[in-house]
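Okay, everyone, thanks for coming. Let me put today's structure up on the screen, and then I'll walk you through a few parts of it.

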Amino acid sequence: MEGIEGESSEASRYSLRPSRISNEDIIFCIDSDPESLCEMKVTGPNGRPATRLDSIKQAILLFINAKLTINPDNRFSFAVLGKSASWLRKEFSGDVESAMTALQGLPTTSSCGHADLTSLFRVASHEAKKSRAQNRILRVILIYCRSSTRPQHQLPVNEKCFSLDVLYLHDKPGPDNCPQEVYDALVDAVEYVSEYEGYIFESGQGLSRILFRYMCIMLAHPQQRCTQEHLDIPKSLAKKSPPAEAMPEDVTSAPNQ
């Protein structure tokens, strides 16, 4: 692009339109299926193996504390997913103690056999309009734990008004499990509703540290993200071999005179 007469070439080429990064309203929707009680490969404080739900609660509190440190004006609410989604705590709040109380009351249900995300998306669309009226944006973080139940939704999308992130914890593939098909359905859901770039991560290893790592990546503000295919964090901490010590040059003794 050529420079405009009377202006420097650099100013006309590299000027950027200023934009405001909005505060976030974040809905955590946590799977209440019995598969959320599967054991992780880590021991809890009582000496017993921690469950997925135990690790999910810890990861959410880690996220909330970090997110409030970044911006104390962020707010959070909580929902649960059985056969469909329902509120656990509808009011958005930035109070950590309130979040801990909500998570302590997180229920688990009998096997659902069905997961309909329609109600979650409808609620999120409604709340997103209220957030937008306050110059905020809304994001849903769905934590899903079913290895053989593909989520469904029946919601015509006229406009994408909120963003969706997904953490998927599952069992290994087997005769009764189809985690790849479930994951593909979750990918479709992210692409279907997300206003900004939505991230989706999965793990079948049963390691809490992987869950915490993914939750930390989701701290990234939706308006400031690169696409997931270009995401290259966290960096691997490959061991570097120490540089070889310089060897002294060979010294040839002078012949006896």
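So, how many residues does helix H5 have, and how far does it reach from its first C-alpha to its last? It covers residues 179–193, which makes 15 residues, and it reaches 21 Å, close to the 21 Å expected at 1.5 Å a residue. That expected span is 1.5 Å times one less than the number of residues. Helices (H or I, at least four residues) and strands (E, at least two) are DSSP runs, numbered from the N terminus.

Quick housekeeping: this is a predicted model, where local features need pLDDT of at least 70, side-chain atom pairs count only at pLDDT 80 or more, and totals for chains, interfaces and linings use all residues. Residues are numbered from 1 along each chain as its sequence is written, and side-chain values use heavy atoms, with hydrogens and water left out.

Back to H5. Its buried residues include Val 182, Leu 186 and Ala 189; buried means under 20% relative accessible area, exposed over 50%, partly exposed in between, with a 1.4 Å probe and protein chains only. Among the elements covering those buried residues are helix H4 and strands S6, S7 and S8.

Now the cores. A nonpolar core is a set of buried Ala, Val, Leu, Ile, Met, Phe, Trp, Tyr and Cys residues joined through side-chain atoms within 4.5 Å. The largest one here has 32 residues, and Phe 28, Ile 30, Ile 60, Phe 63 and Phe 78 have the most contacts inside it. Helix H2 gives the most to this core, with 7 residues.

On to the rings. Phe, Tyr and Trp rings (the six-membered one for Trp) pair if their centres lie within 6.5 Å; planes under 30 degrees apart are stacked, over 60 edge-to-face, the rest tilted. That rule gives 8 aromatic pairs. Tyr 144 and Tyr 168 make a tilted one, 5.9 Å centre to centre with 45 degrees between the planes. Tyr 144 sits in S6 and Tyr 168 in S7, 24 residues apart. Tyr 144 counts as buried because its relative accessibility is 0%.

Last stop: Glu 35, in the loop between strands S1 and S2.

Notes:
Contact means heavy atoms within 4.5 Å.
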